[in-house]
Amino acid sequence: MTATDTRARFRDLLAAEWIKLWSLRSTYGVLAVGALICVGITTNSARSNAALIARSASPSQRLAIDPMHAAFVTEAFQILGIIACSVGAITVFGEYTTGLIRATFTAVPARRQVVAAKVLVVSAVMLVFGALVSVASFGLTQAIYHEHRIGLSISAPGALRAVAASALLAPLCALVGMALGAVIRHAAGTIVAAIGLLLLLPALFQGETYRWVKEIGNAMPYTAWQALVENPARHNADPGRPVLAVTKYPVTVTEAWIVFTAWAAAAVVVAVVLVHSRDPEDR
């Protein structure tokens with residue numbers, strides 16, 4: 001019996017992918033630095049707003065600040081998304097770059113199972129990463145705001161949804177990175193494509209002149225995330241509180257969750273199909 005005659009159990013594939021992911025020193029560094037940067041940006045935003053409240057003589061200044069916004073600053077979670085996307089991509093293109101993919105497929109000819117193991121391991125790790133960043137951002141920023149009596153608890157309307165959406169953003173972006181890695185198979189090209197797809201492309205579909213343009217923009221992951229982390233209380237007409245302008249074609253919460261699910265499913269399908277079908281000489 002040869003090595004290829006013995007089928008690897010799926011849990012063995014999971015263990016192999018776990019070891020490969022954490023054998024990269026860059027994994028520890030990128031995740032640790034990325035978490036510190038994201039939490040640092042949100043905490044600094046909350047501290048800046050708190051200082052603004054302390055300096056202001058107007059009571060309306062406190063009501064003008066949205067405590068949910070500081071916990072989920074867009075720029076911070078764009079960095080989180082690019083970091084997650086990079087980690088997901090390197091699990092695919094890294095093996096092609098080093099040639100390890102040939103040894104992997106020689107040992108385990110069932111390519112779909114290999115990709116499925118990668119997807120599960122990367123998704124689990126990125127979910128924990130996203131949850132730690134999301135919970136830390138929300139907890140630290142609201143602790144700062146509590147001193148000024150505008151902090152939110154996790155039971156506040158929309159708070160738990162915002163924390164969950166921000167945690168899920170990391171595995172979503174990681175899966176997109178895996179799909180791009182399977183398509184491009186080059187480090188620099190994959191990262192550039194990720195930034196273009198996740199951050200730059202949505203900018204082309206802004207504005208409300210044409211509904212179809214806006215609807216395409218609404219189908220982007222970060223547009224959906226922004227809808228999920230929106231503070232519902234900001235739309236209440238409390239006296240003294242600025243009321244947000246209502247957009248013409250808003251993303252509903254249900255639509256936003258559908259966008260998250262659709263992008264994740266599409267990314268997995270692309271990764272599985274391309275890794276399975278390309279390079280027939282490796283079969």
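## Overall picture

Of the chain's 283 residues, 43% count as buried (under 20% relative accessible area, with a 1.4 Å probe and protein chains only). The model is predicted: local features need pLDDT of at least 70, side-chain atom pairs count only at pLDDT 80 or more, and totals for chains, interfaces and linings use all residues. Residues are numbered from 1 along each chain as its sequence is written, and side-chain values use heavy atoms, leaving out hydrogens and water.

The accessible surface comes to about 14,100 Å² (Shrake-Rupley method, 1.4 Å probe). Carbon and sulfur atoms hold 67% of that surface. Along the principal axes, the C-alpha atoms fill a box of roughly 80 × 40 × 30 Å.

## Fold content

The chain has 12 helices and zero strands. Helices are DSSP runs of H or I with at least four residues, strands are runs of E with at least two, and numbering starts at the N terminus. The element order is α-α-α-α-α-α-α-α-α-α-α-α.

Contact means heavy atoms within 4.5 Å. Among contacts between residues at least 6 apart in sequence, 82% join residues at least 24 apart.

## Helices α2 and α7

Helix α2 spans residues 25-55 and helix α7 spans residues 111-146. Their axes come within 9 Å and cross at roughly 20°. Axes are lines fitted to C-alpha atoms over the stretch in contact, and angles run from 0 to 180 degrees between N-to-C directions. The angle therefore makes α2 roughly parallel to α7 (under 35 degrees). The crossing is right-handed, meaning that the near helix is turned clockwise from the far one by less than a right angle.

On the α2 side, the contact includes Leu31, Gly34, Cys38, Thr42 and Arg47. On the α7 side, the contact includes Met126, Phe129, Ser137, Leu140 and Tyr145. By class, this contact has 14 nonpolar, seven polar and one charged residues. Nonpolar covers Ala, Val, Leu, Ile, Met, Phe, Trp, Tyr, Cys and Pro; charged covers Asp, Glu, Lys and Arg; the others, Gly among them, are polar.

## Helices α8 and α12

Helix α8 (residues 159-184) and helix α12 (residues 253-277) have axes that come within 8 Å. They cross at roughly 25°. That makes α8 roughly parallel to α12. The crossing is left-handed, with the near helix turned anticlockwise from the far one.

Residues of α8 in the contact include Arg161, Leu168, Leu172, Met178 and Val183. Among those they meet in α12 are Trp257, Phe260, Trp263, Ala267 and Leu274. The contact has 21 nonpolar, no polar and one charged residues.

Note on methods. Parallel < 35°, antiparallel > 145°, perpendicular 65-115°, else oblique. Buried < 20%, exposed > 50% of the residue type's maximum accessible area, 1.4 Å probe, protein only.
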